[in-house]
Amino acid sequence: MAHVLTFHPRDLRPGKPAWEWGLNLPKVPGLEMEGTSATEAEAKAAVEVVWTAWLELLGLQPIPGRT
């Protein structure tokens with residue numbers, strides 16, 4: 001699994017997306033594999049949601065204890 005969080009310090013204005021995130025995985029129709037978030041926590045949560053959805057769409061499950 002690979003996820004990428006990129007911080008853009010020039011976008012530190014309140015409410016502006018400062019984090020770009022994306023998952024480097026095979027594309028699944030109907031699932032956004034990248035986006036932006038205002039905070040690091042929001043970006044990490046978005047990656048976790050997409051990762052879990054990606055696994056479920058392929059009929060897989062995450063390995064317990066691994067992130």
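User: Why is Met33 called buried?

Analyst: The relative accessible area of Met33 is 2%. Buried means under 20%, exposed means over 50%, and partly exposed lies in between, with a 1.4 Å probe and protein chains only. The 2% of Met33 falls under 20%, so Met33 is buried. This is a predicted model, in which local features need pLDDT of at least 70 and side-chain atom pairs count only at pLDDT 80 or more, while totals for chains, interfaces and linings use all residues. Residues are numbered from 1 along each chain as its sequence is written, and side-chain values use heavy atoms, with hydrogens and water left out.

User: Where does Met33 lie, and which residues does Met33 touch?

Analyst: Met33 lies in the loop between β2 and β3. Leaving aside residues up to four places away in sequence, Met33 touches Trp21, Gly22, Leu23, Leu25, Pro26, Lys27, Val50 and Trp54. Contact means heavy atoms within 4.5 Å.

User: What makes up the largest nonpolar core?

Analyst: The largest nonpolar core has 15 residues, and those with the most contacts inside it are Trp21, Leu23, Met33 and Trp54. β2 (19–23) and α1 each supply at least two residues of this core. Helix α1 gives the most to the core, with 7 residues. A nonpolar core is a set of buried Ala, Val, Leu, Ile, Met, Phe, Trp, Tyr and Cys residues joined through side-chain atoms within 4.5 Å.

User: Which elements does the protein have, and in what order do they run?

Analyst: The protein has 1 helix and 3 strands, and from the N terminus on the elements run β-β-β-α. Helices (H or I, at least four residues) and strands (E, at least two) are DSSP runs, numbered from the N terminus.

User: Why is the aromatic pair of Trp51 and Trp54 called stacked?

Analyst: The count comes to 1 aromatic pair. In this pair, Trp51 and Trp54 stand 5.6 Å apart centre to centre, with 15° between the planes. Rings of Phe, Tyr and Trp (its six-membered ring) pair if their centres lie within 6.5 Å; planes under 30 degrees apart count as stacked, over 60 as edge-to-face and the rest as tilted. The 5.6 Å is within 6.5 Å and the 15° is under 30 degrees, so the pair counts as stacked. Trp51 and Trp54 are 3 residues apart in helix α1 (residues 40–57), so about one helical turn separates them. Trp51 and Trp54 are both buried.

User: Which residues does Trp54 touch?

Analyst: Not counting residues up to four places away in sequence, Trp54 touches Leu25, Pro26, Val28, Leu31 and Met33.

User: Why does Val28 count as buried?

Analyst: Val28 has 12% relative accessibility, which is under the 20% limit, so Val28 counts as buried. The place of Val28 is in the loop between β2 and β3 (34–37). With residues up to four places away in sequence not counted, Val28 touches Trp54 and Leu57. The C-alpha atoms of Val28 and Leu57 are separated by 7.9 Å, although these residues are 29 apart along the chain.

User: How do you know that Lys44 and Glu40 meet in a salt bridge?

Analyst: The N to O distance between the side chains of Lys44 and Glu40 is 3.1 Å. A salt bridge is a side-chain nitrogen of Lys or Arg within 4 Å of a carboxyl oxygen of Asp or Glu. The 3.1 Å is within 4 Å, so Lys44 and Glu40 form a salt bridge. Both residues lie in helix α1, 4 residues apart, about one turn of the helix. The count comes to 1 salt bridge.

User: Why are Lys44 and Glu40 called partly exposed?

Analyst: Lys44 has a relative accessible area of 46%, and Glu40 has 36% relative accessibility. Both values lie between 20% and 50%, so both residues are partly exposed.

User: How much of the protein do buried residues make up?

Analyst: Buried residues make up 28% of the 67 residues in the protein.
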